[in-house]
Amino acid sequence: MTTILLIEDDTVLRENTAELLELSGYKVITASNGKIGVSLAKKQHPDIIVCDIMMPELDGYAALKTLSESKLTKFIPFIFLSAKTERTDVRKGMNLGADDYITKPFTEDELISAIESRLAKVSILQELNSPQDFESNPSGENDIKTLNDLKNFFDDNGKEFTFKNDTIIYREEDHSNYIYLISKGAVKCHRIDHQGKELVTALYKEDDLFGYTSFTQTIPHKETATAIADTSLLGISIIDFTAMLNKNHKVVLALVDLLTEDLSVVKEQLIRMAYGSVNQKTAATILKFAQKINRKPEDPIKISRNDLASVAGIAPETLIRALTEFKKQGIIVAEGRNIKVIDIQKLEHIS
């Protein structure tokens with residue numbers, strides 16, 4: 001049975017998360033702070049560690065650093081679980097060697113998916129590398145192995161682009177000369193159907209990669225990308241990106257994970273459009289925009305009704321009726337283009 005070490009100082013969250021993981025078939029060891037967690041990791045050598053950041057005695061950053069310096073624990077997959085959502089906080093955790101970073105509040109699916117993904121990746125790497133190879137170059141100082149390494153590569157080598165709100169970044173059928181990392185702002189990708197109706201196909205937020213129609217070829221884009229806030233991008237040309245991949249094969253696994261996640265999002269969107277009620281579609285879309293645009297879900301969303309309707313897959317008039325119903329129930333307030341979520345939990349459970 002897979003063993004998970006859960007390090008969390010919040011008693012209620014620790015017990016609830018442990019129960020959730022146990023019901024999912026895992027054996028769970030718990031620790032109330034980083035100091036206890038490090039000791040348990042060295043004694044029991046779990047298969048994976050899920051750890052909070054802000055804790056007494058020893059915080060998550062220090063716990064990860066300590067574990068990374070020990071031969072017994074440095075290869076154990078490590079996932080941060082934290083309410084700290086700033087890009088600098090996420091990047092700091094990943095730079096220290098974390099395998100993933102989940103922000104609170106989180107869903108059961110998000111946590112289980114992250115755990116299973118990291119365990120699968122370790123299994124694949126162990127098959128590709130003998131233990132001797134794994135031990136001989138543990139630091140990989142010059143390698144780009146993870147998405148975080150790749151984003152650092154963009155930070156160090158990317159060409160800077162800036163776009164005002166509502167400015168088109170590239171159009172459908174333009175050649176995909178660059179792959180982009182969003183350093184500030186948000187982007188929507190969309191297509192126009194034969195009736196002239198816009199369909200939003202994806203939303204991207206700060207620290208997301210996009211524009212990768214192909215990782216190795218400058219083939220035409222299949223959609224248009226538009227900034228939905230004042231946006232700054234870092235771009236790597238397809239030529240330079242291909243050269244980087246040729247020298248860093250292990251990052252391909254991380255890109256496969258990224259593409260798999262993209263497919264899962266598309267499937268969820270299609271299922272919601274096909275089977276969800278109007279209110280469910282509207283609620284899910286508001287939450288999606290809140291996640292992509294805002295640092296906090298409860299902050300006002302500045303977005304057009306047409307964009308909301310396009311992502312939800314419903315007519316603008318139908319969306320407006322659903323928004324009116326949400327306002328009556330005290331779930332949201334709306335002023336012009338701004339929508340502010342008042343009751344996130346109620347919105348998440350709209351039927």
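Biologist: Leaving aside its neighbours within four places in sequence, with which residues is His 221 in contact?

Modeller: The model is a predicted one. In it, His 221 sits in the loop that runs between β11 (209–210) and β12 (224–227). Once neighbours within four places in sequence are set aside, the contacts of His 221 are Tyr 170, Arg 171, Glu 172, Glu 173, Asp 174, His 175, Ser 176, Gly 211 and Thr 213.

Biologist: Is His 221 buried or exposed?

Modeller: The relative accessible area of His 221 is 2%. A residue counts as buried when this value is under 20%. His 221 is therefore classed as buried.

Biologist: How many helices and how many strands does the protein chain have?

Modeller: The protein chain has 351 residues, of which 44% count as buried. Among its contacts between residues at least 6 apart in sequence, 68% join residues at least 24 apart. The secondary structure of this chain comes to 13 helices and 16 strands.

Biologist: Which residues have the most contacts inside the largest nonpolar core?

Modeller: In soluble globular proteins, nonpolar side chains tend to be buried together. In this model, the largest nonpolar core has 33 residues. Those with the most contacts inside this core are Leu 150, Ile 169, Phe 210 and Phe 241.

Biologist: Leaving aside its neighbours within four places in sequence, with which residues is Leu 150 in contact?

Modeller: Leu 150 is one of the residues with the most contacts inside the largest nonpolar core. When neighbours within four places in sequence are left aside, Leu 150 is in contact with Ile 144, Leu 209, Phe 241, Met 244, Val 251 and Leu 255.

Biologist: How many residues has the other core, which lies apart from the largest one?

Modeller: Ile 228, Ile 301, Phe 326 and Ile 339 are among the members of this other core.

Biologist: At what angle do helix α11 and helix α12 pack?

Modeller: Two packed helices are described by the angle between their axes and the distance between the axes. Helix α11 covers residues 305–312 and helix α12 covers residues 316–328, with their axes 9 Å apart. The angle at which they pack is about 100 degrees. An angle from 65 to 115 degrees counts as roughly perpendicular, which means that α11, relative to α12, is roughly perpendicular.

Biologist: By class, which residues make up the contact of α11 with α12?

Modeller: From α11, the residues Arg 305, Asn 306, Leu 308 and Ala 309 take part, and they meet Pro 316, Leu 319 and Leu 323 in α12. By class, this contact has five nonpolar, one polar and one charged residues.

Biologist: Which residues does a cis peptide bond join?

Modeller: Pro 105 lies in the loop between β5 (100–103) and α5 (108–128). The cis peptide bond has an omega of about -5 degrees, and the residues it joins are Lys 104 and Pro 105.

Biologist: Is Glu 57, which has a positive phi of about 70 degrees, buried or exposed?

Modeller: Glu 57 is not a glycine, and its place is the loop between β3 and α3 (60–68). A relative accessible area over 50% counts as exposed. Because the value for Glu 57 is 60%, this residue is exposed.

Biologist: What is the positive phi of His 45, which is not a glycine?

Modeller: His 45 is found in the loop between α2 (34–44) and β3 (48–51). Its relative accessible area is 46%, which means that His 45 is partly exposed. The phi of His 45 is about 45 degrees.

Biologist: What separation do the C-alpha atoms of Tyr 178 and Ile 239 have?

Modeller: Tyr 178 is found in strand β8 (residues 178–184), and it counts as partly exposed at 23% relative accessibility. Not counting residues up to four places away in sequence, Tyr 178 touches several residues, including Gly 235, Ile 236, Ser 237 and Ile 238. Although Tyr 178 and Ile 239 are 61 residues apart along the chain, their C-alpha atoms are separated by 8.7 Å.

Note on methods:
Residues are numbered from 1 along each chain as its sequence is written. This is a predicted model: local features need pLDDT of at least 70, side-chain atom pairs count only at pLDDT 80 or more; totals for chains, interfaces and linings use all residues. Side-chain values use heavy atoms; hydrogens and water are left out. A nonpolar core is a set of buried Ala, Val, Leu, Ile, Met, Phe, Trp, Tyr and Cys residues joined through side-chain atoms within 4.5 Å. Buried means under 20% relative accessible area, exposed over 50%, partly exposed in between (1.4 Å probe, protein chains only). Contact means heavy atoms within 4.5 Å. Axes are lines fitted to C-alpha atoms, for helices over the stretch in contact, and angles run from 0 to 180 degrees between N-to-C directions. Helices (H or I, at least four residues) and strands (E, at least two) are DSSP runs, numbered from the N terminus. Angles under 35 degrees count as roughly parallel, over 145 as roughly antiparallel, 65 to 115 as roughly perpendicular and the rest as oblique. Ala, Val, Leu, Ile, Met, Phe, Trp, Tyr, Cys and Pro count as nonpolar, Asp, Glu, Lys and Arg as charged, and the others, Gly among them, as polar.
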